[in-house]
Amino acid sequence: MSLIGYAARRLGLAAFVVWAAFTTTFAILYLLPSDPILTMLNRGGEGANVDPAAAAALRAEYGFDKPVIVQYLTRLGAALRGDLGRSMQNGQPVVTTIVDALPQTAVLAATALAIAVVVSSLLASAAVLTGSRGLRHALLSLPPLGAAIPSFWLGLVLLQVFSFRLGWFPATGNTGWQSLVLPAVTLAVPTAAVLTQVLAKSLGSTWEQPFVETARAKGLPRSTVHLRHVVRNGAIPTLTMVAIIIGNTLAGAVVTETVFSRVGVGRLTQSAVMSQDIPLVQGVVVLSAIVFVVVNLAADLVYPVVDPRIARVPATV
Amino acid sequence: MSPHRLRRRRPAALASAALLGLLLSACSGGAAGPATTSSASAEVEPVAGGTYIHALEADPLGCLDAPQQRFHVALNITRQLADSLVDQDPETGEIVPWLAESWEISEDAKTFTFHLVEGATFSDDLPIDAAAVKANLDRIVALGPKAIGAGPWIQGYVGTTVVDPQTVTVAFDRPNVQFLQALSGSWFGLISPADTGKSPEELCTGTYAGSGPFTLTSYTKDQDAVLAKRVGYDWPSSLAAHDGEAYLDTLRFTFVPEASVRSGSVTSNQVQSVSLVTWQDEATLTAAGSTLLTAHQPGLTESWIPNQQSWLADDEPVRQAIRYAINSQEIVDTVYGPTYASRTAPLNSSTPGYTDLSDELAFDPDKARQLMEDDGWKVGADGIREKDGTRLTLNVIASYTDLEIIQQQLKDVGIDYPIRQLDAAASSKAVAAGDYDIYAWTMTRADPTVLNALYSSTWTSLGYAKANPSELDDLLATQESTVDATERAAAAAAVQEYVVDNAWNIPIADRAWTYGIGPSSHGLRLDGETKLVFYDAWVQQ
């Protein structure tokens, strides 16, 4: 298969995934037992008793009186031109609303991911390299613990200690790097737990490979063997997980951003779902689909760099 | 006491607090210092300048246009941006001058004439005159159903006439006494006529020139709304404690959804004050030197409102049984805490026109059982009553935190109340379809007209009762056409007695708001509808 053909196929699949996400959310949201116009006229959370004639007029104004298929095609056509409609909550364009919130979540997720990668590499390496069985067991019992702690609770404990008691970091907001520390740590813990577990296992099995023995037999010190040979091979399984990890991070942002009162896509998702703001929910889902697709694509492109053997074999999807 | 002396005091107080903290324990330290400064603050002179941060419990749902809002979070922000024609004294309920220095109401209560203060301007320097008032009222009517907040109170609007630049007349096609009090609320705050023609979506972003002591610098959804002092402002309400500009240079509202994070933020002095303090957090706050600002929410008591188009309309004994089966004191004691009060009327005790009906609303489960027995509802095998093979089951739309205890209280007399979990969208749809026997509701409105909005068969905007025409309409019409305050209170009392006696309103609990005020916050007060007023507020540097 030629490289261009490979790229075209990957891009076609990516487009399909995004379209499928758009269509599925449209179907689900329109099957829900709610009326977007009544939702809009119900700002404030109470069931509004709306004059049916007025509601019908608004329904026509927003195009919700048309047959579902017409609504679907209209929205799909607009989406292709980059217009995901307007929020039912405040009439602002969905794309602008998401684009405003996205950088904050991206910074938070990237910081959390960086913390998770560093912590998990250190933990996994230490667990593999240590001569003490007891220490290894202790280190390897950390991931299940990290995965079991609810982010919500962890966030509140961190706030209680480092913000309210010690006053080192602000409790809320998006201002300055200080406000990023506690939410990033909260978000990093479950990711670090998963990464450590996978990395420790794969590093451990790589250490048992014959080529490691060869390297050792050549007289290389353990640390050199570990960094130059074992980590490069052992890191590949974690790369495969990158899409899952990004997904978890986005999902974790919902809780983290709420606890730390931060602007972001997570909090936007939460409020959009709560108020059944159909265009906004759809926008967030489409965005998530795009992120998944891009990350997977990037991961596929990074494989050959980490492991040159992969480049010689055409990748299959 | 001068500001200088104050500044000297504070480090000493903090040092003693720190010392105490060392002597006692890390947890309880810090409490003594701020409490001292707080109690001393009553006598000190206000200091102008600085930034004040208040943590609200939610984002204002992306919209800072008051007429389009029923959500109190948004109204707490817009209250600072746009002044009203009149103000309401929260203590007495009396309507007092603000942008209107005086007014007359016609005898038939259909025409209101306002005489405006001179020299007041919007933040784009346009004058606050009769034409501006007309532009504002006209635009609220033009919003139609999108005027979720203001719309219900301007029904029957005929038009506004500009008599001269300082005199304006508003006419209605029906008696509308409540309109005067409605004008005191944030819903009818005045914005510049240069902006009243903007689209509802654009006004939601808050990009309008207001008449208030603060202007909006920025609003970021889910993050904050930053307000700046309006330079040159000098037309505060007659209830204000000072003249001229607001004290604060910058007022910042943050949106903090977690109750414990709000409490922690105020006890650690990261914010000056917070909204919606939970009962559980009250003790933490006061122990750390904060004070609580509480107010009973004027308007409709948290109430169960039978749907007059449901089967309950024809079964008064069951409605009465529900009324007697509710143990309001137990609900307050176990769910809401001591800032709330047990029910005494359909209107909260802080509402003008309130009348005490606590005898009629006593808890009497035996009477509830007897009423249902006599009506043919006999206890079935599982303790739930039945009549002609039909189980006594209630279909209730409610979203309060007391549902489980009410369920238990009703079960004790043999009524089945399966809790129905509905989100806002689903409950809107159920209301539109009339798919409920009872709607649980409360509403802030410091005027008895909230009963008119609910129970009038002609004013249907908030008509969760889906009322049929009845003699109640006449009582409500009297209430809405009586200008004299004393006579109107008597009319409102008659309405309350009627809806309680006929069990068209089953009060549950008298609700209250609790704000947490940190030691550096001073001068914060509430308006007649329990919205925050920051004009007199100042912050200790």
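**Briefing: chains A and B of a predicted model**

In chain B, helix 7 (residues 259-267) has the buried residues Val261(B), Arg262(B), Ser263(B), Gly264(B), Ser265(B) and Val266(B). Buried stands for under 20% relative accessible area, exposed for over 50%, and partly exposed for the range in between (1.4 Å probe, protein chains only). Helices (H or I, at least four residues) and strands (E, at least two) are DSSP runs numbered from the N terminus.

This is a predicted model, in which local features need pLDDT of at least 70 and side-chain atom pairs count only at pLDDT 80 or more, while totals for chains, interfaces and linings use all residues. Residues are numbered from 1 along each chain as its sequence is written, chains are lettered from A and ligands numbered from 1 in the order in which they are written, and side-chain values use heavy atoms, leaving out hydrogens and water.

**Surroundings of helix 7 of chain B**

- From chain A, helix 8 (151-165) and helix 13 (242-259) pack against the buried residues of helix 7 of chain B; contact means heavy atoms within 4.5 Å.
- From chain B, the buried residues of helix 7 pack against strand 1 (51-56), strand 11 (273-274), helix 8 (279-287) and strand 21 (512-517).
- Asn269(B), which has a positive phi near 60°, follows helix 7 of chain B.

**Interface of chain A and chain B**

- Chain A brings 45 residues to the contact, and chain B brings 46 residues.
- About 3,700 Å² is buried between the two chains, with carbon and sulfur atoms giving 53% of that area. Buried area is the accessible area (1.4 Å probe) that two parts lose on being put together, summed over both.
- One salt bridge is found across the interface, where the term covers a side-chain nitrogen of Lys or Arg within 4 Å of a carboxyl oxygen of Asp or Glu.
- Glu61(A) and Lys146(B) form a salt bridge through their side chains, at 3.9 Å from N to O.
- On the side of chain A that touches chain B, two or more residues come from each of helix 2 (36-40), helix 3 (52-61), helix 8, helix 13 and helix 14 (265-274) of chain A.
- Helix 8 of chain A gives the largest share of that side, six residues.

**The disulfide of chain B**

- Over all chains the count is one disulfide, defined as a pair of cysteine sulfur atoms within 2.5 Å.
- Cys63(B) and Cys204(B) are joined by a disulfide with an S to S distance of 2.1 Å.
- The link of Cys63(B) and Cys204(B) is left-handed, with -80° about the S-S bond.
- The two cysteines lie 141 residues apart and link distant parts of the chain: Cys63(B) is in the loop between strand 1 and helix 3 (72-81) of chain B, and Cys204(B) is in helix 6 (residues 200-204) of chain B.
- Cys63(B) counts as buried because its relative accessibility is 0%.
- Cys204(B) is buried, with a relative accessible area of 1%.

**Chain A as a whole**

- Chain A has 16 helices and zero strands.
- Along the principal axes, the C-alpha atoms of chain A fill a box of roughly 85 × 60 × 30 Å.
- Chain A has 317 residues, of which 44% count as buried.
- Of the contacts in chain A between residues at least 6 apart in sequence, 72% join residues at least 24 apart.

**Val163(B)**

- Val163(B) belongs to strand 6 (residues 157-164) of chain B.
- Leaving aside residues up to four places away in sequence, Val163(B) touches Val168(B) and Thr169(B).
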